[in-house]
Amino acid sequence: MPELLELLKDHTTLRLGGPARTWLRAETEQDLVDAVRTCDEAGEPVLVLAGGSNVVVADDGFAGTVVEVATTGVAADHEGDDPTCGGVLVTVAAGESWEAFVAHAVDHGWLGIEALSGIPGSVGATPIQNVGAYGQEVAQTLASVRVWDRTLRGVRTFAAADCGFGYRTSRFKADPGRHVVLTVTFQFRQGELAEPVTYAELAGLLEVEPGGRAPMTDVRRGVLELRTRKGMVLDPADHDTWSAGSFFTNPVVAAETVPEGAPAWPQPDGRVKTSAAWLIERAGFGKGYGAGAARLSTKHTLALTNRGDATTAELVALARELRDGVERRFGIRLVNEPVLVGVEL
Ligand SMILES: Cc1cc2nc3c(=O)[nH]c(=O)nc-3n(C[C@H](O)[C@H](O)[C@H](O)COP(=O)(O)OP(=O)(O)OC[C@H]3O[C@@H](n4cnc5c(N)ncnc54)[C@H](O)[C@@H]3O)c2cc1C
């Protein structure tokens, strides 16, 4: 594999991050495993990077080797779109584009990821934080994840039940850097109607009752429309999309901690999930907040954006200001969703 001199800012959706000491692009699974294994044996720090849509990298860059996941391949266990058969198992290489895969799934009548349309990045990163949006998350259709385990130095397969999936988390996120995802296998039911639309805003747009069903193509179109309005579909010409998506997760807290009037979604463990966007706005940080080149999106309170020439230091300072402001006002400490590389909040 050729070694390239690369800046992280050219590979992240925030367009932030300094140089990598070494850059390796892995287009085959063998190259991916070899690259990581060779670095590990040499004691060289490794950053596995794919779409760069969920990372905040230091202005100093990364003093180690970035291994770019660029593997390809989508394989279904059978051909044909017969909705009467039991379903389809589809194995996807980690480097495949998630959005292209969702489009492919909708075209083939594979149910269950249509509401995850428009999310940037790779298929291999989706199990890391159990990617979710508009009432769906990958844990609902994911069957297994094949990984290179850097501690045991071998390939392992985790069934979905062993992945430790929760809200924006998994065993892979909990044990950072240990597992390199090689392939992800999904099990889809087949049909034309999407899985029930549980997200009220989406149901309203599609004119179905919450929990009702709509054609999969309509759900995909509806989600893309809502996401575009919120600056959540990448557009190089729109600085509102120069982000890492939602910067903070929705906090899950004891019921009595939720401020009056805030959204409250009961969780299975008795606690309540509330809205990070609501807390940020009520703490005095509205859409577009900020004076410098790092500001809140003008379309979405949860997206911290680079307006063109921001630095990581500026973006992180803004994130701290929001987190501390919310904590002062409500006593709830927000936690970042993107992975921080060489920086701390
Ligand atoms: C505009 C926008 C909208 C977004 N909307 C959503 C949303 O609705 N819901 C949601 O959940 N997320 C959302 N995100 C976040 C992001 O797109 C997802 O988390 C995505 O899965 C990240 O994929 P990536 O390939 O870009 O990962 P990267 O940013 O390259 O990496 C993210 C983390 O995963 C690790 N990683 C990546 N690939 C692998 C691999 N093969 N093996 C092991 N580790 C790996 C990296 O080391 C890093 O720690 C959004 C981001 C943006 C910019």
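1. Basis. The model is predicted, so local features need pLDDT of at least 70 and side-chain atom pairs count only at pLDDT 80 or more, while totals for chains, interfaces and linings use all residues. Residues are numbered from 1 along each chain as its sequence is written, and side-chain values use heavy atoms, with hydrogens and water left out.

2. Ligand shell. The ligand is surrounded by 33 residues, and the closest are Val48, Ser53, Ser122, Val181 and Arg227. A residue is near a molecule if one of its heavy atoms lies within 4 Å of it.

3. Valine 48 has a backbone N or O atom 2.6 Å from an oxygen atom of the ligand. For glutamine 129, a polar side-chain atom lies 3.0 Å from a ligand oxygen atom. Glycine 132 places a backbone N or O atom 2.8 Å from a nitrogen atom of the ligand. On its own the ligand has 980 Å² of accessible area, and the protein covers 94% of this (Shrake-Rupley method, 1.4 Å probe).

4. Elements around the ligand. Strand S3 (46-49), strand S8 (132-133) and S12 each give two or more residues to the shell. The largest share, 3 residues, comes from S12. Helices (H or I, at least four residues) and strands (E, at least two) are DSSP runs, numbered from the N terminus.

5. Helix H2. In H2 (residues 98-107), Trp98, Phe101, Val102, Ala105 and Val106 are buried (under 20% relative accessible area; exposed is over 50%, partly exposed in between; 1.4 Å probe, protein chains only). These residues lie on the same side of H2, because they cover an arc of only 135° around the axis; the arc is that of the directions from the helix axis to the C-beta atoms. They pack against strand S6 (74-76), strand S7 (88-93), strand S12 (179-188) and helix H5 (216-229). At the start of H2, a side-chain oxygen of serine 97 comes within 3.4 Å of the backbone nitrogen of glutamate 99. Just after H2, glycine 109 has a positive phi of about 70°.

6. Strands S10 and S11. S10 and strand S11 (residues 154-159) run antiparallel and are joined by 6 bridges; two strands pair if DSSP finds at least two bridges between them. Valine 145 has phenylalanine 158 in S11 as its bridge partner. The hairpin has 4 residues between the strands, and arginine 153 there takes a positive phi near 55°.

7. Serine 144 is in strand S10 and counts as buried at 17% relative accessibility. Contact means heavy atoms within 4.5 Å; leaving out residues up to four places away in sequence, serine 144 touches Thr157, Phe158, Ala159, Ala160, Val184 and Thr185. Threonine 141 sits in the loop between strand S9 (136-137) and strand S10 (142-149), and it is buried at 7% relative accessibility.

8. An open sheet of 3 strands has the order S13-S15-S14 with antiparallel pairing. Strand S13 (252-253) and strand S14 (265-266) are at the edges with a single partner strand each, so one side of each has no neighbour in the sheet.

How values were computed: Polar contact = N/O pair within 3.5 Å; in protein donor to acceptor, adjacent residues only side chain to side chain.
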